[in-house]
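Please look at the sequence and the model below with the ligand and the strands around it in mind. The report that follows takes up the ligand shell and then the sheet.

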Amino acid sequence: MIIAHRLNKTFRLPIVMEGRFSAVRTLLSREYRDVEAVNDISFEISKGEFVGYIGPNGAGKSTTIKMLCGILHPTSGEVTINGCSPQKQRQQVVRQLGVVFGQRTQLWWDLPLKDSFDILASLYKLEQQFFKNQLGVLTEILQLQELMGIPVRKLSLGQRMRADLAASLLHDPDILFLDEPTIGLDVAAKKQIRDYLKQMNSQWNKTILLTTHDMDDIEQLCSRVIVINHGAAIYDGDLETLRGRIGLPTVMKIKFREAVSPGYEDFLSASTFQVIGCQDRVITVACNRKETTAMEVLNRMSKLGTIEDIHLEEPNFEDIIHRIY
Ligand SMILES: Nc1ncnc2c1ncn2[C@@H]1O[C@H](COP(=O)(O)OP(=O)(O)OP(=O)(O)O)[C@@H](O)[C@H]1O
């Protein structure tokens, strides 16, 4: 269980001086301004959850993750990971955590990949047989066989991300913190990483907290979403409720077996949904999930004829974020 209780982090930055010798004057200045990166955030994440932690640039996502894994100390508030404080009981917590920062690697740039795993095994003091088994499994799942002899700097971004995932799982932690693990990857590599993450969560029962700017990551992976803006949590719940709460329309295309008789618009005019198009045998409607269900729409539409096919387009998650902000 991960608990963040009333977490705050304020960075104190020197005020940058302007004019001549500004760099030196800034260095010597005693004037500061405070940046509230994280502002009174609380949440609890249970074992096996897959949680998306999202928000715009500078919202405080990375700062939260760094406090959760003990890299940063909160200005106030408390974190516990399975009952231990990452700040006070670092050793115990590190054993339970795997962390991937998509923008940085924890691997040794100039060494062949296998050497990085050996070094990490020794840092984690892994027993030799355990390390061999674990690396064997990860090598197979993440398809690293061909890459073991290649220096990390020569790996493609997608290959490097697979290797970083393996590194974060080498000591078999219960919890994964992933900060932008799909950043910069092409569509195929993104899909591959998402498939691995699904497997880590559903088959290996890893608890995962994921920050990303890619809304497809959230749509495809997360059952729960925490949205933060200016350091504060503005939503914590499931994706469906979030869509419903802010009321973006779901678009439904309903295809009839035969052409719909004229006058259908009058019949539908008093509905809780809106007709936004009609072409051949297909009527397109927009419905607000807050006001109606897909089933209600279909019940009403079925009065117009025999329904042959239905196509549902959920609102784009990026639109949802913009609405919240
Ligand atoms: N070490 C630091 N020193 C001073 N300010 C910092 C530091 N780290 C982060 N900040 C500031 O704290 C705020 C939150 O930054 P953070 O990196 O947590 O945001 P983020 O949500 O991860 O953003 P992004 O999506 O761009 O990565 C920003 O205003 C940032 O400039």
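## Ligand shell and sheet

H2 gives the most to the shell around the ligand, with three residues. This is a predicted model, in which local features need pLDDT of at least 70 and side-chain atom pairs count only at pLDDT 80 or more, while totals for chains, interfaces and linings use all residues. Residues are numbered from 1 along each chain as its sequence is written.

The residues around the ligand are Phe11, Leu13, Val35, Ala37, Gly55, Asn57, Gly58, Ala59, Gly60, Lys61, Ser62 and Thr63. The elements that give two or more residues to this shell are listed here, helices (H or I, at least four residues) and strands (E, at least two) being DSSP runs numbered from the N terminus.

| Element | Residues |
|---|---|
| strand S1 | 2-14 |
| strand S2 | 32-45 |
| helix H2 | 61-68 |

Three strands form an open sheet in the order S2-S1-S4 with antiparallel pairing, where two strands pair if DSSP finds at least two bridges between them. S2 and strand S4 (76-81) stand at the edges, each with a single partner strand, so one side of each is left without a neighbour in the sheet. Five bridges join S1 to the antiparallel S4, and Ile3 stands opposite Thr80 in S4.

H2 lies across S1, S2 and S4 and runs at about 120° to S1. Here contact means C-beta atoms, placed from the backbone, within 7 Å; axes are lines fitted to C-alpha atoms, for helices over the stretch in contact, and angles run from 0 to 180 degrees between N-to-C directions.

Methods:
A residue is near a molecule or strand if its C-beta atom, placed from the backbone, lies within 6 Å of it. Two residues are in contact if their C-beta atoms, placed from the backbone, lie within 7 Å.
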